Amino acid sequence: MNKFRASLQWMTVCLMIMFLSGCASVRTASTLKPSGDTHLKLGQARFSIMSYADVYDKNTPGVEGWKHLTTEGVSKRAMELYPDLFTDEWTGLPVMVKADVK
């Protein structure tokens with residue numbers, strides 16, 4: 001019983017360390033569209049687009065325009081639209097973008 005209690009305490013400590021260090025991830029759905037205001041800020045927080053993936057039906061007309069999008073292209077466009085909100089530095093909060101084209 002004492003070994004079980006000790007292992008439970010160590011597991012709790014490890015889980016708390018992971019949680020407090022920010023190893024948890026959050027999935028958010030958004031229909032974000034450019035507002036035209038390029039001076040948006042979120043305090044000192046800045047975001048860095050780490051990956052981009054798109055899902056689309058090949059039979060849907062108009063998906064040819066989505067085939068050329070890459071992580072670098074989306075990141076560059078985000079920095080052009082919102083220079084105070086997006087960065088390409090590793091200090092930015094990582095964002096993984098998944099587009100569902102319909």
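Helices (H or I, at least four residues) and strands (E, at least two) are DSSP runs, numbered from the N terminus, and by that assignment the protein chain has two helices and two strands, which follow one another along the sequence in the pattern α-β-α-β. This is a predicted model, in which local features need pLDDT of at least 70 and side-chain atom pairs count only at pLDDT 80 or more, while totals for chains, interfaces and linings use all residues. Residues are numbered from 1 along each chain as its sequence is written, and side-chain values use heavy atoms, with hydrogens and water left out.

**Confidence**

- The pLDDT (the predictor's confidence in each residue, from 0 to 100) averages 77 over the protein chain, and 74% of the residues score at least 70.
- Confidence is lowest in helix 1 (residues 2-20), with a mean of 80, and highest in helix 2 (residues 71-81), with a mean of 86.

**Whole-chain burial and contacts**

- Of the 102 residues of the protein chain, 14% count as buried, where buried means under 20% relative accessible area, exposed over 50%, and partly exposed in between (1.4 Å probe, protein chains only).
- The protein chain exposes about 8,900 Å², of which carbon and sulfur atoms supply 61%; these accessible areas come from the Shrake-Rupley method with a 1.4 Å probe, and for residues only the protein chains shown count as cover.
- Among contacts (heavy atoms within 4.5 Å) in the protein chain with a separation of 6 or more, 79% are between residues 24 or more positions apart.

**Helix 2**

- Val74, Ser75 and Ala78 are buried in helix 2, and, seen down the helix axis, the buried residues fall within an arc of 100 degrees, so they line one face of the helix; the arc is that of the directions from the helix axis to the C-beta atoms.
- Strand 1 is included in what covers the buried residues of helix 2, whereas Glu72 and Lys76, on the other side of the helix, are exposed.
- A search of the whole structure finds one salt bridge, the term standing for a side-chain nitrogen of Lys or Arg within 4 Å of a carboxyl oxygen of Asp or Glu.
- That salt bridge joins glutamate 80 to arginine 77, with the closest N and O atoms 3.4 Å apart, and both residues lie in helix 2, three residues apart, about one turn of the helix.
- An α-helix has 3.6 residues a turn, so residues three or four places apart point the same way.
- Both partners count as partly exposed, glutamate 80 at 45% relative accessibility and arginine 77 at 46%.

**The aromatic pair**

- Rings of Phe, Tyr and Trp (its six-membered ring) pair if their centres lie within 6.5 Å, with planes under 30 degrees apart counted as stacked, over 60 as edge-to-face and the rest as tilted; by this rule there is one aromatic pair.
- The rings of phenylalanine 47 and phenylalanine 86 have centres 6.1 Å apart and planes at 50 degrees, so the pair is tilted.
- Phenylalanine 47 lies in strand 1 (residues 47-56) and phenylalanine 86 in the loop between helix 2 and strand 2 (93-101), so the pair ties together parts that are 39 residues apart in sequence.
- Phenylalanine 86 counts as buried, at 14% relative accessibility.

- Serine 48, found in strand 1, is buried, with a relative accessible area of 4%.
- Leaving aside neighbours within four places in sequence, serine 48 is in contact with Thr87, Asp88, Glu89, Gly92, Leu93, Pro94 and Val95.
- Methionine 96, which lies in strand 2, counts as exposed at 68% relative accessibility.
- Methionine 96 and serine 48 are 48 residues apart in sequence and 8.8 Å apart in space, C-alpha to C-alpha.
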